[in-house]
Amino acid sequence: MAGAQELLAQLNGEMAGLAGRVRASLVRVETAGRGAGAGTVWHPDGLILTNAHVVQGNSPWVVLPDGRRLQARILAQDRELDLAALAVEAQDLPTIEVGDSRELRPGSWVVAFGHPWGVESAATAGVVIGQGQMLPERPEFGRSWIAASLHYRPGHSGGPLVDAGGRLVGINTVMAGPDVGLAVPVQEVKGFLKRRLGGMAPDFQKVRTWA
Amino acid sequence: MGEMVQNLSSELAGIVESAGRWAVRVEGRRRMPATGIAWTHSGVIATASHVVERDEDLWIGLGAGERLAAQIIGRDPTTDLAALQVEGAELAAAEQAGGDGLAVGHLVLALGRPGKTVQATLGIVSALGEAWRTPSGGQVDQYLQTDVVMYPGFSGGPLVDMQGKVLGLNTSAMGGVSLALPTSTIQRVIQALQTHGRVRRGYLGVGLQPARLPKGVAEQLDQESGLLILSVESDSPAEQGGLTLGDTLLSLEGQPIRHMEDLMVLLAGDQVGKKASLQVLRGGKVQKLSVTVGERP
């Protein structure tokens, strides 16, 4: 029995370590008159990724993990994919490690981060239910989702979904019932950034604000 | 750093991949397909009764993408189990867990295959208990409740332990909690369905209500209560056996009947067609009668 408890203690320790790393690049995205969503630092010079529905075309504010609250520009957004790229004036921000959503399998462990009901930087863990376009709850979407058994709540939107190694595999986007969350796969995010910003070019700060 | 979580993750995915071979798609209703368990090599599929809404045009989808026609063997709505037969296919039959070491808190996976690929959710065993009876009278050998999320189309699919063995069949039809029917119950019901096409239940044809026995009778029989007959159906085994309104059932084949539950257990399927001796309280006196147990229509 002692062995089992050691394993659980180790598991808890590793989960806490994973959460600590992810939270270092987790931001809050606020827009006037609306609740807050979440976002992730993609590039150390202030490139932030979130959902398009979190910013709603307004000029958002971003609260960094160190507490700084900065006005953000919307660099690009795609309402169909529900993705938005924001820029803030900051350097040397901790970034998230980017993973590969194609490596997820049903049963793979995933952890979602956000600010559910305004609770700062909360984590919720679950497993991948399935991935693809044929998810029963979203027949109207002919596009790819990651479905995971996770408790998404308002405030998770735009936040990171990470794999067991703490690597970004998706963007928390919508609930599908009380215990199921749908995330935009990170492969879609890579395509979006490449199309709209010319890949992960470090001079994205020169990109004119998209309107 | 993080090695254990990653190992856990890949072991979970590995179990899903291997046990996922036994999770088959069941196309038997107008809404989205559900899931079944490949139960025998010879093509018997166990699934939930409520997902098989029709008797014809049934199809089974396998992991390799094969789609096979299936016939219904039978269904038992009281346990929410149904058995199907696919022809001309050798299936990988589900490996069953022993179930001995299972404890509250153990991790479990629920698998489903409403589409082409296998899907999974993770949870823990929330409660384990004794044998129980469903509201419609089905006998289940063990109470097994989990907190796995039943994603649409997961009904009828396998509940799998961390050895990758099948613990039971997930059904979402009972009262909003995730309940699984243990493998022993699946085996017993499938055998009954194969033999009779249904799960037989004994039947008397009476309406009953528990009633406290008069003090003298209670002391004589060492039994506090019996079942008062409120109605007798015409031409029923009860009427033919001479039971009448106002009798109180006390025992069947020498076994005391204190509550409804006692009678339900005594009227098991193997009693159908047998002559059973009954003790009743009539006009303040204990009398003996004999009834031929019928089969519940």
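**View 1. A:D82 lies in the loop that joins β6 and β7 of chain A.** Helices (H or I, at least four residues) and strands (E, at least two) are DSSP runs, numbered from the N terminus. The model is predicted: local features need pLDDT of at least 70 and side-chain atom pairs count only at pLDDT 80 or more, whereas totals for chains, interfaces and linings use all residues. Residues are numbered from 1 along each chain as its sequence is written, and chains are lettered from A and ligands numbered from 1 in the order in which they are written. Although A:D82 is not a glycine, its phi is positive, at about 60°. Most residues other than glycine have a negative phi. A:D82 is buried, because 21 other C-beta atoms lie within 10 Å. Burial is assigned from C-beta atoms placed from the backbone: a residue with 20 or more others within 10 Å of its own is buried, one with 12 or fewer is exposed, and one in between is partly exposed.

**View 2. A:S121 is placed in the loop between β8 (109-114) and β9 of chain A.** This residue, which is not a glycine, has a positive phi near 50°. A:S121 has 18 other C-beta atoms within 10 Å and is therefore partly exposed.

**View 3. Seven strands of chain A form an open sheet in the order β5-β4-β1-β2-β3-β7-β6, with antiparallel pairing.** Two strands are taken as paired if DSSP finds at least two bridges between them. The edges are held by β5 (69-71) and β6 (73-78) of chain A, each with a single partner strand, so one side of each has no neighbour in the sheet. From one strand to the next the twist averages 30°. A:W61 has A:Q71 of β5(A) as its bridge partner.

**View 4. Helix α3 (residues 186-197) of chain A lies across β3 (47-50), β6 and β7 (83-87) of chain A.** The helix runs at about 55° to β7(A). Axes are lines fitted to C-alpha atoms, for helices over the stretch in contact, and angles run from 0 to 180 degrees between N-to-C directions.

**View 5. Chains A and B touch through 26 residues of chain A and 26 residues of chain B.** Residues count as in contact if their C-beta atoms, placed from the backbone, lie within 7 Å. On the side of chain A that touches chain B, α1 (2-23) and β9 (122-132) of chain A each supply at least two residues. The most comes from α1(A), with 6 residues. This side of chain A is made up of 11 nonpolar, 10 polar and 5 charged residues. In this division Ala, Val, Leu, Ile, Met, Phe, Trp, Tyr, Cys and Pro are nonpolar, Asp, Glu, Lys and Arg are charged, and the others, Gly among them, are polar.

**View 6. The largest nonpolar core holds 120 residues.** A nonpolar core is a set of buried Ala, Val, Leu, Ile, Met, Phe, Trp, Tyr and Cys residues joined through C-beta atoms within 7 Å. Its members that touch the most other members are A:I48, A:L86, A:V110, A:I146, B:I37, B:I45 and B:L109. Helix α1 (residues 3-19) of chain B gives the most to this core, with 7 residues. Apart from this core lies another, of 18 residues, including B:L243, B:V280, B:L281 and B:V293. Neighbours within four places in sequence set aside, the contacts of A:I146 include A:S101, A:L104, A:V128, A:L161 and A:L182.

**View 7. In strand β6 (residues 81-86) of chain B, 5 of the 6 residues are buried, so the strand is largely enclosed by the rest of the structure.** β6(B) pairs with β3 (residues 44-48) of chain B in the antiparallel sense over 5 bridges. In this pairing B:I45 stands opposite B:L84. β6(B) is also paired in the antiparallel sense with β5 (residues 67-76) of chain B, over 6 bridges, and here B:D76 stands opposite B:L81. β5(B) and β6(B) form a hairpin with 4 residues between them. In the turn, B:D80 has a positive phi of about 60°.

**View 8. Chain B is assigned domain 1 (1-199) and domain 2 (202-295).** The bounds come from an automatic or database domain assignment. Taken over C-alpha atoms, the centres of domain 1 and domain 2 of chain B are 38 Å apart. The C-alpha trace of chain B spans about 75 × 45 × 30 Å along its principal axes. Chain B contains 5 helices and 22 strands, and 43% of its 297 residues are buried.

Definitions and conventions: Two residues are in contact if their C-beta atoms, placed from the backbone, lie within 7 Å.
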